[in-house]
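The following paragraphs lead through the structure shown here, moving from a helix pair to the strands and the cores.

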Amino acid sequence: MNRRKMRGLIMGCLAAAATALVLARPMDGTQTVYATSGNTTERVERSSDRVITDDDRAEADAQLKYHVDSILKRTNPDEYTLQKLNDTLYSAYYYIANSELSVSELWSYVSEMKGKLDAVVPDVSVTKPTTEFLQLGDNWETPTVRYGQQVSIVLPIINLGSEELTDLVVSPVVSNDVAVWPFEPSATGFGQSFAEIPGNPFGGSYEAGMFARRELTWQFTVREDVLTGYYPLPFEIWYTKEGVRCEEPVTLTVYIYTEGKPGAGYIGGDASMVESKPRIIVTGFETDPGEVYAGDTFMVTIHVKNTSQDQAVTNVLFDMQAVESGTEANTTYAVFLPTSGSSSVYTERIGAGSEFDINIEMTAKTDLSQKPYVLTVNMKYDSGKNIDLTDAAKVSIPVLQKARYDTGDIQVMPSSLSVGNQSNVMFSIYNMGKTTFYNLQVKYEGDFVEGGDTFLGTLKPGETANVDSMLTASAPSAGGTVKALVTFEDESGNPVSFEREFALDVYEEVYEEPVIPEDMIPVEEGPDVRLMIGIAAAAAAVVVILVVVVIRKKKKKAAALKLEDDFLNGLGEDKKD
């Protein structure tokens with residue numbers, strides 16, 4: 001339900017019971033209120049041992065509605081706060097309608113609830129409790145116990161958030177009222193504490209949360225006068241996150257079915273006087289496919305159960321509302337959109353103690369970050385004389401992002417080399433998606449190359465990693481192909497790999513000796529002809545070198561004589577002149 005609808009729902013309830021109150025304090029110390037409705041003024045007692053009537057209950061409800069109206073006029077609460085105001089107000093209505101109180105006890109309770117309603121809208125915003133990251137593990141099973149029995153309650157707590165929580169204190173909300181708490185109260189209390197519960201670095205993986213869960217155990221004794229039915233057992237969890245203590249605790253609620261003595265009555269009041277109100281709870285859910293990626297269309301199946309053992313619920317309407325995403329009021333949108341255009345599912349009847357499956361096909365927005373997103377199941381139904389009963393539950397659906405990657409052109413220098421030499425391989429890897437790559441590395445596969453393994457580490461969305469490797473040629477392979485194997489892990493810890501190929505020519509250098517033609521080798525028998533031919537060839541080479549040297553010397557001597565004659569002839573001409 002969006003913020004405008006929530007405000008409209010609360011304001012509509014308030015307008016239905018507009019009542020003006022005038023407070024007077026008589027001299028005898030008792031408190032008297034005059035309630036004005038239309039032109040009629042009635043005297044209402046606030047301090048009396050008299051058992052309350054339906055008129056007293058209606059007056060108390062009107063006071064609480066008036067108080068919420070005042071809060072809404074003075075503040076501008078967000079959707080979370082509106083939902084909590086509505087839940088607190090509804091719990092007060094339920095308690096007042098189903099409790100036998102004196103007038104004094106009634107108005108003391110009203111005063112207490114006003115304080116709780118004021119606390120819903122804090123003046124200073126600090127860490128707020130949320131069930132988006134602290135939830136119950138799916139290994140919880142609702143136990144059935146009888147009066148006087150001892151029972152062990154094991155509370156599995158999982159953390160779906162990425163931050164570690166420390167200094168946790170867990171306490172059941174204990175009451176002396178048998179209609180609220182089914183166990184014998186303890187003078188020492190039931191609080192337990194533990195140091196920390198680790199965060200979930202892989203984007204809210206439910207399996208990782210279950211692996212790191214904390215399980216706390218309580219030993220209780222069921223009261224002898226316990227009522228028959230489903231008791232909610234709320235547990236408050238206080239914690240510190242990033243050095244800030246939560247302002248209010250997270251409340252996790254489990255249920256236990258109790259069997260009272262014959263004639264003990266039922267939860268919600270005496271069965272002979274007040275008809276108990278059944279509740280619908282969510283017992284689990286799954287998606288098809290099991291992993292939901294941003295942009296995917298998936299079927300979500302939510303299992304619900306009518307907890308009443310003797311009453312059916314009828315005219316049941318389920319409305320699924322996904323959490324909204326966006327940074328500005330005019331750009332927010334639901335993270336899950338139903339493909340049919342309607343987020344509502346209707347069924348005519350759910351029998352006593354029976355289950356029902358809600359099936360709805362939805363599409364996850366393409367730009368979602370990888371983390372769990374809350375889907376709220378709002379329930380409205382009738383049961384016997386009770387109409388328009390409501391309940392709400394939340395499920396968290398993890399959304400994954402597909403890894404998107406690409407590479408640049410592979411440069412190989414040199415692309416042709418001999419065995420034993422090295423070639424430089426360079427290319428770029430691009431992270432084009434919304435998920436981080438962890439343990440990014442490159443290895444090379446080829447029968448004729450060795451080495452080149454390169455570790456690049458972490459690559460964030462939108463970033464580029466540059467590969468610079470040196471491969472050693474180990475064997476010849478003309479026109480061979482080498483595979484570059486790129487591997488990494490996504491944010492869920494799943495391995496991802498892809499390949500790129502490039503050509504590399506490896507050859508082996510050959511040194512050849514001079515070859516003498518066969519027709520130059522005599523075939524006669526006798527001394528070693530080849531040796532003699534070799535000696536003759538060497539001698540011939542020496543002769544050639546000597547001839548060249550002699551010719552060069554003769555040429556140099558002739559040139560010198562000619563130069564001397566030219567010089568002397570020149571001197572003779574000068575004398576004649």
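Which residues are buried in H3? They are Thr 81, Leu 82, Gln 83, Leu 85, Thr 88, Leu 89, Ala 92, Tyr 93 and Ile 96, where buried means under 20% relative accessible area, exposed over 50% and partly exposed in between, with a 1.4 Å probe and protein chains only. The model is predicted, so that local features need pLDDT of at least 70 and side-chain atom pairs count only at pLDDT 80 or more, whereas totals for chains, interfaces and linings use all residues. Residues are numbered from 1 along each chain as its sequence is written, and side-chain values use heavy atoms, with hydrogens and water left out.

Helices (H or I, at least four residues) and strands (E, at least two) are DSSP runs, numbered from the N terminus. Helix H3 covers residues 79-97, and its end C-alpha atoms are 27 Å apart. This agrees with the 27 Å that its 19 residues should span at 1.5 Å a residue, the expected span being 1.5 Å times one less than the number of residues. H3 packs against helix H4 (residues 103-120) at an angle of about 170 degrees, with the axes 10 Å apart. The two helices are therefore roughly antiparallel, a term for angles over 145 degrees, while those under 35 count as roughly parallel, 65 to 115 as roughly perpendicular and the rest as oblique. Axes are lines fitted to C-alpha atoms, for helices over the stretch in contact, and angles run from 0 to 180 degrees between N-to-C directions. Among the H3 residues that meet H4 are Leu 85, Leu 89 and Ile 96; the H4 side includes Leu 106, Met 113 and Leu 117. Contact here means heavy atoms within 4.5 Å.

Strand E10 (residues 229-241) pairs with several others, two strands being paired if DSSP finds at least two bridges between them. With strand E7 (residues 165-172) it forms six antiparallel bridges, and Trp 238 is the bridge partner of Val 169. Nine bridges join E10 to strand E12 (residues 250-259), again antiparallel, with Glu 236 opposite Thr 251. Two antiparallel bridges link E10 to strand E11 (residues 244-245). In the hairpin of E10 and E11, two residues lie between the strands, and Glu 242 takes a positive phi near 55 degrees.

In soluble globular proteins, nonpolar side chains tend to be buried together. A nonpolar core is a set of buried Ala, Val, Leu, Ile, Met, Phe, Trp, Tyr and Cys residues joined through side-chain atoms within 4.5 Å. The largest such core has 34 residues, of which Ile 157, Val 170 and Leu 233 touch the most other members. The largest share of this core, five residues, comes from E10. Apart from it lies another core of 31 residues, including Ile 280, Met 362, Val 377 and Tyr 381.

Within E10, Ile 237 is buried, with a relative accessible area of 0%. Its contacts beyond four places in sequence include Ile 157, Val 170, Val 250 and Leu 252.

E13 and strand E15 (residues 297-306) share eight bridges, and Asp 288 stands opposite Met 299.
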